[in-house]
Amino acid sequence: MPGFIRQNRSAPMTQSSTSSPSRVAIIGGGPAGLMAAEVLSQAGIQVDLYDGMPSVGRKFLLAGVGGMNITHSEAYPAFLSRYAERAPQIAPLLRSFGADALCQWIHDLGIDTFVGSSGRVFPTDMKAAPLLRAWLKRLRDAGVVIHTRHRWLGWNDAGHLRIDSPGGEKSVQADATLLALGGGSWSRLGSDGAWMLPLEQRGVGLAPLQPSNCGFEVQAWSELMVSKFAGAPLKNIAIGLNDDIPRLGECVITATGIEGSLIYALSAPIREAINLHGSATIHIDLLPGRPVDKIQATLSKPRGSRSMAKHLHSQLGIDGVKAGLLRELTSAETFNDMSLLAKAIKALPLTLVKARPLDEAISSAGGVMFEAMDERLMLKPLPGVFCAGEMLDWEAPTGGYLLTACFASGRAAGLGIIEWLQRKG
């Protein structure tokens, strides 16, 4: 946004006319690292950005496949609530650079946006690549040097950064360092969580990485369920966990369990219930628009010679995967008692026993604890080392919340580095 760019252009320089510019090393070329690079370069600081992959922004580009959901248009209180127990720590980041500021920043790159029917915000062409290209041009024009195929290995005995490059290992000295290495999902795109070990060795407080926005496994589907319905979408349903109000949406039956947007939205409480109790039981409402008494009355109508499958289809529209799931998760006795069958249709219990592997998850929970950092996102045990993005210990559902917090934390870390360098100098 214009105010954002002007603010950084007018920020006090961190060097005098007779000294060399401060140099900052950024490790990681995702949204958080790139946003910090922009903030720092606009303040006259020399930025070297290192990324282990052949190009930057790979997970960002993947997020744009099928539509680049950049943020969400819902009101701030609801938006902030998506970060659950970490909302207090995310709040100052969003107050400084929230959804509206992010949209304005995108517009300044020459990319228009629109709000979809669900409230999600997208670039008008629905693509991530044009936005990334425009952004990288801006950064290079500002003097940011991007080093690809350069992987961070930790620190050497002198306290300098160890960087594995195509020409061999390098020792890099910087006035400050930002780690923006992503979480632990999609390791093939660079987010492998390998940064946990060197930080742990330096006494940084870490929470274990866990899958977030992920699918879950059941104990075992029947052979019939797998052969007929693996990959089938469950549409126009609602799912509840414990006594929470069921959420409307859709998901997909898989060969091992269930996944999809509705499951992703509940993944954090489902995962925590499994961690505590070994399993979590969700309840699926196959007909969220119809009350149980009306369903029972409809089921009780005479069906003559028709089978129960045809009766369910003709009277309630339940067929295909919904009918298969109903058969899979109820007993034969339930189908002989219309009261029990109606209740099953409204609250079909499905027990989940395990999250799918971390590398399959859209994002991850855990990482660098906020308690290990100061208000500038600088690590307390490592002065001059800052962290941002998904490697911090927070999580949020899909819908633009993940990206917004990554951008906001990258900007906050960049401003924190500027402040720290000014005080230090």
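Modeller: Helices (H or I, at least four residues) and strands (E, at least two) are DSSP runs numbered from the N terminus. The model is predicted, with local features requiring pLDDT of at least 70 and side-chain atom pairs pLDDT 80 or more, while totals for chains, interfaces and linings use all residues. Residues are numbered from 1 along each chain as its sequence is written, and side-chain values use heavy atoms, without hydrogens or water.

The structure contains 16 salt bridges, each a side-chain nitrogen of Lys or Arg within 4 Å of a carboxyl oxygen of Asp or Glu. In one of them, the side chains of Asp48 and Arg23 meet with an N to O distance of 2.5 Å. Because Asp48 belongs to strand E2 (residues 46–51) and Arg23 to strand E1 (residues 23–27), this pair ties together parts that are 25 residues apart in sequence. Asp48 has 8% relative accessibility and therefore counts as buried, whereas Arg23, at 39%, counts as partly exposed. Here buried means under 20% relative accessible area, exposed over 50%, and partly exposed in between (1.4 Å probe, protein chains only).

A second salt bridge joins Asp393 to Arg86, with the closest N and O atoms 3.2 Å apart. Asp393 sits in the loop between strand E20 (385–387) and helix H16 (401–424), and Arg86 in the loop between helix H4 (76–81) and helix H5 (87–96), so this contact ties together parts that are 307 residues apart in sequence. Both Asp393 and Arg86 are buried.

Glu272 and Arg271 also form a salt bridge, at 3.0 Å from N to O. Glu272 is partly exposed, with a relative accessible area of 34%, while Arg271 is buried, with 4%. Elsewhere, salt bridges with shared partners join Arg86, Glu371 and Asp393 into one network.

There remains the strand context. Strand E16 (residues 280–285) pairs with E17 in the antiparallel sense over five bridges; pairing requires at least two bridges found by DSSP. Within this pair, His283 stands opposite Pro349 in E17. In a regular strand, side chains alternate between the two faces of the sheet. Strand E17 (residues 348–352) has a covered face formed by Leu348, Leu350 and Leu352, and an uncovered one with Pro349 and Thr351.
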